[in-house]
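Hi,

Here is the structure I promised to pass on. Have a look at it first, and then read on for what turned up.

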Amino acid sequence: MSVIDSLLNFCHTLTDGKQQDMESFKQAAAVYAGEYGIAKLMIETHFRQDAASPNRNDAPIVSRNIVIYEDTDVAALGEPVMQKYMNNSDEYVISYTYPAAGVEFDPQALREIELFSTISYFFFGRLRFGEMIKKGTLTQYMTGLPNSGGYMARAAQILQSGRLFEYDSYYFNIKGFGLVSKKFGFKQGDEMIRQYAHSVAGFADPEEIVAHLGGDNFVALIKKAHYATFVSLLQDVNVTAEKGDKEIPVKLNSTIGIWHIDGAFKELSEIISLPAMAMNAAKNVLHQQICHVSDELLFHISEQKKVLESFPTAIRAKEFTVFYQPKVDSRDNSLAGAEALVRWIHGEEIISPCAFVPILEREGAIKALDLYVLENTCLDIRRWIKAGLSPVTVSVNISRKDLDDHTLPYQICDIIDKYEIDHKYIQIEITETTDEAEHDIMIEFLERLSEMGISTAIDDFGSGYSSLSTLRNFKINTLKIDRSFIDNDVFSRNDEIILSDIIHMATMLGVEVITEGVERKEQLDFMNKVGCYLIQGFYYDKPLAPDAFTERLKIGKYDMSI
Ligand code: C2E
Ligand code: MG
Ligand code: MG
């Protein structure tokens, strides 16, 4: 094969994209070297480093020397012919063609040397481009750590080596990073993420992996032996942020999901998905810093998934029924009102709201259910009126998660009006909040309802961090004292003083007080003693199905002598 044929052949391999390896390049070079008495062929490449980075033009130029051919039997080398092939930027390739001592290149050889350096430029440029793409697709551009692709590729190697069970798999998310980033600006936020990534990756030994999925989410495969030290590192990573000309130290800690990789291993993607589920549970359900993958957690998640998947069909199929729990005036045991409490009738099963309300709240799907309950309550009230009964005021629970929608009071009003129900028969119950931002939204919500003549109640008062501002700022009609106040065998003097004062203050402010969860006579007596007479609880009745409640409405009283 002639030199030109050999180079042309090589060019074809470059353009058909089949074989772009060093071997075929070297073969072509060897034919060319043998023909002209070339003793050594070396290529010097000048390309930008880290070409995958978004700031490619700022990356430094890196030069590499690659020996393509060398005839080690030739003792002395002549002066090399240098041929430079240059891009229009400062990236280029120089070929050094050394003749054996005493060999002189003829014009034909010199033209081919020129051709060879041109081809070299394309070949190395392309080789590098391939590397760059590979690196770019496996690396997170901001931190340079592996991204999910890079993580999975390396995890697959560990799996193949049969040593994956020696590792714990982590998914961690920096706590409150949104706020930190807002405080110092997004550029400083990125800088802090880079410092954080550097610290955490610095912990890992060469057989461990820390990867950055993007944003403030990271994953890691760390040996089980390093569990305690890695977890404690994640709870306290120090970074700095610049504010003006000051360097401010910032401590970052993370919410962590951990899976001790074990025999239950099914597929590789679980090294991300399982600890991710645990991290989500830690953050959104358990409100704690660390959660481990366990059978219990997986069961809980699958139940949650079932609820979310079946909810839309269930609501269309009207599988939800409203039960009514009577509220009783304990002075004469008369029926004074009711609370609408939803039940999911799923086949034979009656599912309690505790099993689905919190899930729907977290997923932002609760509003549909709350309005459904309101609508069904209105339907029942209409039925009672039609049957000639005098309805009582029924309170309907509205989730605080619904309040972001400023049109909600009007939607509530529209539903009540659609059934031509007097507004006085509906009360809206909402739990109190300690969150400053929610506080204002809640004031507005309660005021809108009050303007429309719809009464409101604060639910579960005293179960969390109750504050007097609830009484001072919220325009409410009823305060519902949580059962935790009376959930003790002996009533303390402290509870008595606190309750009497709250009830007294509320009454003076024109706010009615009711206690929920009253089960026993002593609890009733205690509440009466501190000045609360409206009672809801098993002592009188459990939540009743609509027909049973209709019967109670007819009687209107409880006979407590039996
Ligand atoms: P809640 O609004 O505080 O309702 C009172 C809960 O206490 C009800 O539980 C009721 O059955 C229960 N209860 C009443 N008396 C007693 C008693 O004497 N002893 C004990 N141990 N419990 C008593 P339920 O019906 O399981 O509802 C639980 C929670 O689910 C409700 O607490 C409310 O937060 C939520 N919920 C129920 N229906 C709805 C709804 O339609 N929408 C929304 N957003 N939440 C709802
Ligand atoms: Mg309630
Ligand atoms: Mg309650």
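Starting with charge: the protein chain carries 55 positive and 82 negative charges, and their mean positions are 3 Å apart. Lys and Arg were counted as positive and Asp and Glu as negative, with His and the chain ends not counted. Each charge was placed at NZ of Lys, CZ of Arg, CG of Asp or CD of Glu.

Some housekeeping before the rest. This is a predicted model, where local features need pLDDT of at least 70 and side-chain atom pairs count only at pLDDT 80 or more, while totals for chains, interfaces and linings use all residues. Residues are numbered from 1 along each chain as its sequence is written, chains are lettered from A and ligands numbered from 1 in the order in which they are written, and side-chain values use heavy atoms, with hydrogens and water left out.

The overall picture

The protein chain has 17 helices and 20 strands; these are DSSP runs numbered from the N terminus, with helices being H or I of at least four residues and strands being E of at least two. Its radius of gyration is 37 Å, well over the 24 Å that the globule rule gives for 562 residues, so the chain is more spread out than a compact globule. (That radius is taken over C-alpha atoms, and the rule is 2.2 Å times the number of residues to the power 0.38.) Along the principal axes, the C-alpha trace spans about 125 × 50 × 50 Å.

Of the 562 residues, 45% are buried. Buried means under 20% relative accessible area, exposed means over 50%, and partly exposed is in between, using a 1.4 Å probe and protein chains only. The accessible surface of the protein chain is about 28,600 Å², and carbon and sulfur atoms hold 52% of that. Those areas come from the Shrake-Rupley method with a 1.4 Å probe, and for residues only the protein chains shown count as cover. As for contacts (heavy atoms within 4.5 Å), take those with a separation of 6 or more: 67% of them join residues 24 or more positions apart.

What does the side chain of serine 169 reach? It goes to the backbone oxygen of isoleucine 271, at 2.6 Å. Serine 169 sits in strand β5 (residues 167-174), while isoleucine 271 belongs to helix α8 (residues 270-286). Serine 169 counts as buried because its relative accessibility is 0%, and isoleucine 271 is buried at 0% too. Setting aside neighbours within four places in sequence, serine 169 has contacts that include Tyr151, Leu221, Trp259 and Ile261. Isoleucine 271, counted that way, also touches Tyr151, Leu221, Trp259 and Ile261, among others.

Most residues other than glycine have a negative phi. Lysine 318 has a positive phi of about 55 degrees, and glutamate 420 has one near 50 degrees. Lysine 318 is in the loop between α9 (295-316) and β12 (320-329); glutamate 420 is in the loop between α12 (408-418) and β16 (426-431). Are they buried or exposed? Lysine 318 is exposed at 59% relative accessible area, and glutamate 420 is exposed at 62%.

A few other spots

Arginine 343 is in strand β13 (residues 334-346) and counts as buried, with 15% relative accessibility. Leaving out residues up to four places away in sequence, arginine 343 touches residues including Glu319, Phe320, Ile350 and Pro543. From arginine 343 to glutamate 429 is 86 residues in sequence and 17 Å in space, C-alpha to C-alpha.

Glycine 78 is in the loop between β2 (61-70) and β3 (81-86). Its C-alpha is 5.2 Å from that of proline 99, which is 21 residues away along the chain. Beyond the neighbours within four places, glycine 78 is in contact with Tyr98, Pro99, Ala100 and Ala101.

Aspartate 404 lies in the loop between β15 (394-397) and α12, and is exposed with a relative accessible area of 59%. Aspartate 404 and glutamate 438 are 34 residues apart in sequence, with their C-alpha atoms 8.8 Å apart.

Cheers

Definitions and conventions
Polar contact = N/O pair within 3.5 Å; in protein donor to acceptor, adjacent residues only side chain to side chain.
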